Amino acid sequence: MCGIIAYSGNRSATPILLNGLRKLEYRGYDSAGIAIHSNNSIHIYKQEGKVENLVKSIGDYENDSTHMSGNLGIAHTRWATHGPPTTDNAHPHGASASGEEHNIALVHNGIIENYRALKSRLEGEGRVFHSDTDSEALSHLIDSYYDGDLAKAVSTALKEVQGTFGIACLAKADPGKMVVARRGSPIVIGLGDDETIIASDASAIISHTRQVIYLDDNDVAVIQGGKVDIRTLDASPVVRDIADIDWSEDAAEKGGYEHYMLKEIFEQPTAISNSIRGRIDTDRGTSVLAGLQLEPRDIVDLQRLVIIGCGTSMNGGLVGEYAVEDFAGMLSEVEQAAEFRYRNPIVGSKDMVVAISQSGETADTLAAVREAQCKGALVAGLVNVVGSTIARETGRGIYLHAGPEISVASTKAFTCQVSVLLMIALKFARSRRLSHEEGIKIAKEIERIPELVEEVLKQNDHIAKLAEDFVDYDNMFYIGRGYLYPVALEGALKIKEISYIHAEAYHAAELKHGPIALLEESMPVVALLNEGPGKEKTLGNVEECRARKSPVLGVITAGDEEAKINCDWYIEVPASPHYTATITSTVALQLFSYHVARLKGCPIDQPRNLAKSVTVE
Ligand code: F6R
């Protein structure tokens, strides 16, 4: 989704901003732009397409002593919402009453819901618009209130705005100053030596500083060089904590891998180790999750665990639901976050709601968190990005510690989410019905996950080879049962988003209730066939598929000869209970999707139309 980077300090802003834009590319975008305050003017360059198009359009900025040599600037990657991905619709949006020079320049993430009313009012006042965007209305609105005090103009304008925003704004008449603000769309302020770097996420800041301030909703900050003055919309001063980013710049680089996705798949043993480190107590057969702020008595009093999320995070949540019911005998349900927020959900003080989100910024999940809080539920976050909105608003929860996930398609976040959900289920189970002995068994199985994943990664070459047989298919089915049903959902999601093969996941038993009509030679089926409950029944479904000429790729337990002879291709994963086979089998399918997409020449890290952090509804 859209990305913001802005700079105020002593150095030339242009190279810093262009590098920052490159770091934001992973979020998904379709145009980019930059505005530099230099020689008493604001100079704006924008281009459709990739950041490199923008760089070319600017020309030789290093030897330019006028246009692009300033040390104050803002820049943006746009993911189109209002209007197509054109140069005119790219940010920054300049504004002035005369339309000749830019008095104001603005970059905006989020959506201005009442932009039509604002735009027609401003057009009525004689202002000329050059884009289809909602953001340009905000730029003109700020300019219409500007009388020499940029912070005041921004605050006045923002009070009239309905919707969400993370913004950075410059005024021609205020050479040293920038104003940034947020409501529902993150802004991180990086504190350097006599300089400040602002961005919509920390990955664009980390090469400059690790000290950051996360703005809260309705904060307005005035930045001048290294000085940061944060106020509310009503201009009352507020103090926000300074946080340290706890991951290194290397963690956000490709590190020799062809794609971020592959690197992140291979990072999973380490990422999962980081997620579970210090949180498993094998002696007591339980997990230690202080962030949940729950005593055993509180857990006994809970009636239900509701898990909310979107996409991959929701699929991870489904494994959590099964584990909580299986280990703890406690009622648990997964809800798609957008459904939860809009259908007046029945939750209350006896329910715990766990919101799962890699980014911690997903608009639907955040709104669902607020709805659950409003209804009196205990709400916890299961989040990867430290300091993100969901992490802060829930106030209790568990960080994944998976490290930055740059590839748009989520991989390590999923396996870390499942690992943490298994630990939650274990903790709940031990406070309720699970014996010491059973608890120790599960705790030890969770501790084994990183080494099991290492084993699956050794299959990489084999998976790359069999992927060659799949590049020409247009459609696929994925089937699984029990714990392996969420794996089918996640496998199908992964292949469709990165390889553009249409894939649908079904509970294996559902196949004969309709989808079986589509089975034929051109419809391969991926079957989750790990040894354990339901395997024989899924094998029966595999036979039904093959009887209709659908070829079958099985994900099977290593050495399972019975499964092998029933499949056209197979990937072996190490023997483990189904609750951890969710992770090993998913890793196998991540690699499978990756290699199919690679062989098809797809843009794996930034698939078309997708964004890393979905901050709009
Ligand atoms: C798929 C994917 C998405 C996200 C979803 C939720 O690979 O990445 O389905 O899982 O947009 O995002 P988060 O977890 O950031 O809330």
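A disulfide is a pair of cysteine sulfur atoms within 2.5 Å. Keep in mind that this is a predicted model. By that cut-off, a search of the whole structure turns up zero disulfides. Aromatic pairs are another story: there are eight of them.

**Cysteines**
- Cys 2 takes part in no disulfide, and its nearest cysteine sulfur, in Cys 169, is 16 Å away.
- Cys 2 is also buried, at 13% relative accessible area.

**Aromatic pairs**
- The structure has eight aromatic pairs, and one of them joins Tyr 322 and Tyr 483 edge-to-face, with 6.0 Å between centres and 65° between planes.
- That pair ties together distant parts of the chain, 161 residues apart: Tyr 322 is in helix 9, while Tyr 483 is in the loop between strand 22 and helix 16.
- Tyr 322 is partly exposed at 21% relative accessible area, whereas Tyr 483 is buried at 10%.
- Phe 477 and Tyr 506 are edge-to-face too, because their planes meet at 80°, with ring centres 5.2 Å apart.
- Phe 477 is buried at 1% relative accessibility, and Tyr 506 is buried at 19%.

**Cluster and charge**
- Tyr 322 and Tyr 483 show up again in one aromatic cluster with Phe 327 and Tyr 579.
- Arg 608 puts its charged end over the ring of Tyr 500, 3.8 Å from the ring's centre.

Definitions and conventions
Residues are numbered from 1 along each chain as its sequence is written. This is a predicted model: local features need pLDDT of at least 70, side-chain atom pairs count only at pLDDT 80 or more; totals for chains, interfaces and linings use all residues. Side-chain values use heavy atoms; hydrogens and water are left out. Buried means under 20% relative accessible area, exposed over 50%, partly exposed in between (1.4 Å probe, protein chains only). Rings of Phe, Tyr and Trp (its six-membered ring) pair if their centres lie within 6.5 Å; planes under 30 degrees apart count as stacked, over 60 as edge-to-face and the rest as tilted. Helices (H or I, at least four residues) and strands (E, at least two) are DSSP runs, numbered from the N terminus. A charge sits over a ring if NZ of Lys or CZ of Arg is within 6 Å of the ring centre and within 35 degrees of the ring normal.
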